[in-house]
Amino acid sequence: MLLSLGLLTGCGGGEGKGAGAPSRPTPDASASATRQSGPAYKGAALPELARTPVWSVRARHNLGCAGDPAEQAAAHVLAGDDVQACVVGDAVVLTEDLTKADDMNQAIGQHYRVRLYDAHTGRVRRTVDTDLPDGWPSERPARASAYVQTTQWKDGSPALLVIDGDEVPADGLKKATVRTTYTMYAPSGAVLGRSSFTGDAYTDLTAEAGHLLMREGPGTSTYTLIGGGADVQVHDRGDDQDPLGSGFGYYVHSSYDAWDGSGSKLVVSDRRTGKEMWTLDDVGRPAALAKDDDATPVLHPLTADKGLLVWDLPAGAAHGALLTVVDLRTGRLLAEGPQLDTGNVDRLQSVLSADGSTAVTRMGAGAVAWNVTTGKELWRQEEGEQDITPLALPTTKTLYADAGDDLGLAAVDMATKKVVGKNLVSDVYGVGSSSALQFTPDGYGVLADGDFFVFAPQKG
């Protein structure tokens, strides 16, 4: 869900500490050399992507992707506790760990170099250095993805947050302290906003919708816009709730009607205003549940303006849950989808095609493919098949999924359910991880398989 002291212009047209940032992004002088000397791809062909990458980057100094706190909060599908994202809009963000070690091989502070690449060409749009002094007073883990994070700007557009730290020396009676700088970048490399704060209390601020969380309260919290602006009060969503909508979006809570004894009902409200947008009473009743007045659904995100409302089916039904699509602003029922085998309704795993028409969803055993506009089921996994975890659906033709130890990262034909590619990454680290294979909105694929390879969509 992932910022007034300037940063110095450093090598490669980037930034370091001390001076104001350039007014527009400057390309890295080594960009052409990086593309020409990039590693050759020797792996399997990736369905719907060109056989040869457009550009590549050799992994060096543990070069990796940015952290994604918003996805981490909602990550029911991904293994591990460090969800990462290489794609930010039409940019590929890679971070190099340049931290030095002492004679005992202990890290001396933290030093990371961040590059924003043009996904189409491999040109470096911006280079940013971030340094944390030795003994930095923070609870953040000592890894790049804690200080380089994908997030959203205030309008819901993709953005990159880079966190930097300085020591402030003692001055007279003033004790030595630290200063933390939060800078938000657009995919173009342009600075969207920058804010600095002095003191230990500001080293671990979290960002959401272009704002920093300054004070947490009972039910509402105070946020301030990165780059300056009036504080805003924002209603808290539950710790276990997925982010809904763009920006601060919506939150789900419950009401209890003591007068008619109807019990707890789902309510969706605006997080900025607290205004109630809709309740379960505003949702059209799915045909499969017309006679079941007690069903209480769980709401998950689908797009910026649509949600997946998952209903428990009555005892005795062939499956345990029903998928429906609702308008997040009004609660209007848009489509009644297929039924699913139940697992844990809070651990639903779903991917959506780039055109927004098709989804593959898994909640219990097996996945179901369906049209989210009409609700029509396309196919479902049958007994005896290898369970798959959907990871990416760049088009309506091919699904990329984690298909277990035997098949690894696999590609599945959406029309036939046939496996058209298997074990597509050699490094087992990538299987089940969002950083194994990611896609830009226009279909460029970023593969993390030891080194990093970027492929154009296949023509035709």
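Strands β6 and β7 form a hairpin in which two residues separate the strands, and Gly-89 in the turn has a positive phi of about 65 degrees. The model is a predicted one. Val-87 has Val-92 of β7 as its bridge partner. Strand β7 also pairs with β10 (residues 110-118), again in the antiparallel sense, through seven bridges. In this pairing Ala-91 stands opposite Asp-118 of β10. Strand β7 spans residues 91-97, and six of its seven residues are buried, so the strand is largely enclosed by the rest of the structure.

The protein as a whole contains three helices and 37 strands. Of its 460 residues, 52% are buried. The accessible surface amounts to about 20900 Å², and carbon and sulfur atoms account for 48% of this area.

An open sheet is formed by four strands in the order β16-β17-β18-β19, with antiparallel pairing. Its edge strands, β16 (207-208) and β19 (232-235), each pair on one side only. Two bridges connect β16 to β17 (residues 211-215), and the two strands are antiparallel. Ala-207 is placed opposite Leu-212 of β17. The loop between β16 and β17 contains Ala-209, which has a positive phi of about 50 degrees although it is not a glycine. Ala-209 has a relative accessible area of 3% and is therefore buried. A positive phi, near 50 degrees, also occurs at Asn-423, likewise a residue other than glycine. Asn-423 lies in the loop between β34 (419-421) and β35 (437-439). With a relative accessible area of 40%, Asn-423 is partly exposed.

The salt bridges number 13. One of them is formed by the side chains of Arg-115 and Glu-96, at an N to O distance of 2.9 Å. This pair links distant parts of the chain, since Arg-115 belongs to strand β10 and Glu-96 to strand β7, 19 residues apart. Arg-115 is buried at 10% relative accessibility, and Glu-96 is buried at 5%.

A further salt bridge joins Asp-387 to Arg-362, with the closest N and O atoms 3.9 Å apart. Asp-387 is in the loop between β30 (377-380) and β31 (389-392), whereas Arg-362 is in strand β28 (residues 358-362); the pair therefore ties together parts that are 25 residues apart in sequence. Asp-387 is partly exposed, at 30% relative accessible area, while Arg-362 counts as buried at 17% relative accessibility.

The side chains of Lys-417 and Glu-385 likewise form a salt bridge, at 3.0 Å from N to O. Lys-417 is located in the loop between β33 (409-413) and β34, and Glu-385 in the loop between β30 and β31, so this contact ties together parts that are 32 residues apart in sequence. Both residues are partly exposed: Lys-417 has a relative accessibility of 24% and Glu-385 one of 33%. Salt bridges with shared partners also join Arg-60, Glu-96 and Arg-115 into one network.

On the surface, a patch of negative charge is made up of Asp-102, Asp-103, Asp-134 and Glu-167. Asp-103 is found in the loop between β8 (100-101) and β9 (107-108). The relative accessible area of Asp-103 is 85%, so the residue is exposed.

Terms used: Residues numbered from 1 in each chain as written. Predicted model: local features only at pLDDT ≥ 70, side-chain atom pairs only at ≥ 80, totals over all residues. Heavy atoms only, no water. Patch = residues over 30% accessible without salt bridge, like charges linked within 9 Å, V, L, I, M, F, W, Y side chains within 5 Å. Areas by Shrake-Rupley, 256 points an atom, 1.4 Å probe, with all protein chains shown as cover. Salt bridge = Lys/Arg side-chain N within 4 Å of Asp/Glu carboxyl O. Lys, Arg positive; Asp, Glu negative; His and termini not counted. Charge placed at Lys NZ, Arg CZ, Asp CG, Glu CD. Buried < 20%, exposed > 50% of the residue type's maximum accessible area, 1.4 Å probe, protein only. Pairing = 2+ DSSP bridges.
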